[in-house]
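User: I'm new to this one. Can you walk me through it?
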Amino acid sequence: MNFRPLAEKRAYGGCTRTRQLLGASLVIFLFACGKQEAGPPAKGDPGGAPPAMPVTIKRVEPQRLPIVLEAVGQAEGSREVEIRARVTGIVEKRLYAEGAPVPAGAVLFVIDRAPYEIAVAQANAALAQERARQEQAQRESGRLKSLAASKAISQREYDDTLSALKQSTAAIEGAQARLAEAQLNLSYTNVKAPIGGIAGRALRSEGSLVTANTESSLLTTLTQVNPVWVRFSLAMSDFERIRGAEKRMQVTLLNDTGSGAGSVAVKNGRLNFTGSTVDPKLGTVQLRAEFANPALKWLPGQFTKIRIYAGEQEAFLVPQAAVMQTEQARMVWIAEADGKATMRPVQTANWIGSDWIVTGGLKPGDAVIVDNLMKLRPGALVQPHPPAAAR
């Protein structure tokens with residue numbers, strides 16, 4: 001007779017059932033593995049060859065393309081002058097509107113004239129006095145000339161008379177110079193615009209004392225903005241492309257609307273300065289162009305875009321979407337003849353519409369891949385088709 005306790009029987013029966021369930025699960029697992037091994041390899045499994053990736057290509061051929069460069073420049077006046085008082089005195093009047101255009105020769109400020117009018121009168125009086133002395137010396141010389149000839153007076157007396165006449169003549173010249181200086185200083189009391197341009201803010205108001213040849217003599221500034229100059233910089237690589245062609249370049253000024261059609265604002269610009277040194281920090285060369293600005297649209301300090309046409313070059317057009325930028329260079333994917341994709345570095349110039357101008361790295365007939373670029377890997381199989389066949 002079996003005398004096992006009831007709890008032990010129950011435990012033993014539970015273990016038996018557990019073993020049965022584990023055995024059944026193992027059979028099912030082995031059966032499933034057998035079916036999977038017997039079937040074909042799954043898609044993308046390393047044991048099978050991956051399918052070729054469909055890609056759109058563009059076959060490139062060399063063509064004559066314009067050499068076009070664009071840069072951001074800053075406008076400045078073609079002539080910029082400081083208007084300073086050249087004589088000391090009180091500013092009596094300001095005769096121009098700040099920020100308004102003024103013609104050359106216009107009176108901008110008037111400095112107190114009274115001291116300089118007095119100086120002119122004194123110089124005139126001194127000149128008249130010296131002329132009177134000269135007349136006296138001339139009469140004295142005439143009287144003594146006959147006496148000296150007859151030996152009635154000594155030759156020394158006559159010589160002294162001639163010297164006095166010459167001194168009087170020199171004194172007259174000195175008095176004339178002092179009069180001219182006094183008249184010049186008087187003319188400086190009318191502070192005039194040396195050039196035509198836009199007048200700046202008045203730095204001295206009426207009643208202010210200005211002193212010549214000091215900081216207080218600065219009254220305002222005057223800037224000529226027609227024509228206007230635009231300073232800009234080009235990278236050394238871009239400058240090398242146009243170097244030597246400065247005289248035949250076409251330079252245009254663009255609107256703020258961008259670089260598309262109708263963006264040209266001013267044609268017939270010309271380069272009037274090309275730097276002879278390279279900025280060691282930026283690797284750029286300074287240039288400057290001159291443009292007509294009759295409507296005064298561009299003001300000093302304003303930023304604008306410059307476009308330069310410098311002849312033609314033989315290059316390829318590649319869609320911008322096909323060119324990738326890496327840390328080392330710009331790259332494109334090429335569909336080779338064996339059906340594999342390879343990366344190739346290229347040298348680019350600028351854009352024309354939605355295409356890059358590629359100046360190096362491509363050969364005639366190369367099939368440039370223009371889509372699915374992020375999925376490609378070097379050596380990946382591709383199935384190229386032209387853009388017209390793209391879905």
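User: Where is the place of Leu162?
Analyst: Leu162 sits in helix α3. Helices here are DSSP runs of H or I with at least four residues, strands are runs of E with at least two, and both are numbered from the N terminus. The model is predicted: local features need pLDDT of at least 70, side-chain atom pairs count only at pLDDT 80 or more, and totals for chains, interfaces and linings use all residues. Residues are numbered from 1 along each chain as its sequence is written, and side-chain values use heavy atoms, with hydrogens and water left out.

User: Why is Leu162 classed as partly exposed?
Analyst: Because its relative accessible area is 29%. Buried means under 20%, exposed over 50%, and partly exposed in between, with a 1.4 Å probe and protein chains only.

User: How far apart in space are Leu162 and Gly142?
Analyst: They are 9.6 Å apart, C-alpha to C-alpha. In sequence they are 20 residues apart.

User: On to α2. How many residues has it?
Analyst: Helix α2 has 36, residues 114-149. From first C-alpha to last it reaches 53 Å, close to the 52 Å expected at 1.5 Å a residue. That expected span is 1.5 Å times one less than the number of residues.

User: Which residues of α2 are buried?
Analyst: Among them are Tyr116, Val120, Leu127, Glu130 and Leu144.

User: And what covers the buried residues of α2?
Analyst: The cover includes α3 (155-187).

User: What follows α2?
Analyst: Lys151 does, and its phi is positive, near 65°.

User: New topic. How many aromatic pairs does a search of the whole structure find?
Analyst: One. Rings of Phe, Tyr and Trp (its six-membered ring) pair if their centres lie within 6.5 Å; planes under 30 degrees apart count as stacked, over 60 as edge-to-face and the rest as tilted. Tyr96 and Phe109 make an edge-to-face pair, 5.6 Å centre to centre with 70° between the planes.

User: Why does the pair tie together parts that are apart in sequence?
Analyst: Tyr96 lies in the loop between β3 (89-94) and β4 (101-102) and Phe109 in strand β5 (residues 107-111), so the pair joins parts 13 residues apart in sequence.

User: Are Tyr96 and Phe109 buried or exposed?
Analyst: Both are buried.

User: Big picture: how many helices and strands are in the protein?
Analyst: There are four helices and 19 strands. Of the protein's 391 residues, 35% count as buried.

Conventions:
Contact means heavy atoms within 4.5 Å.
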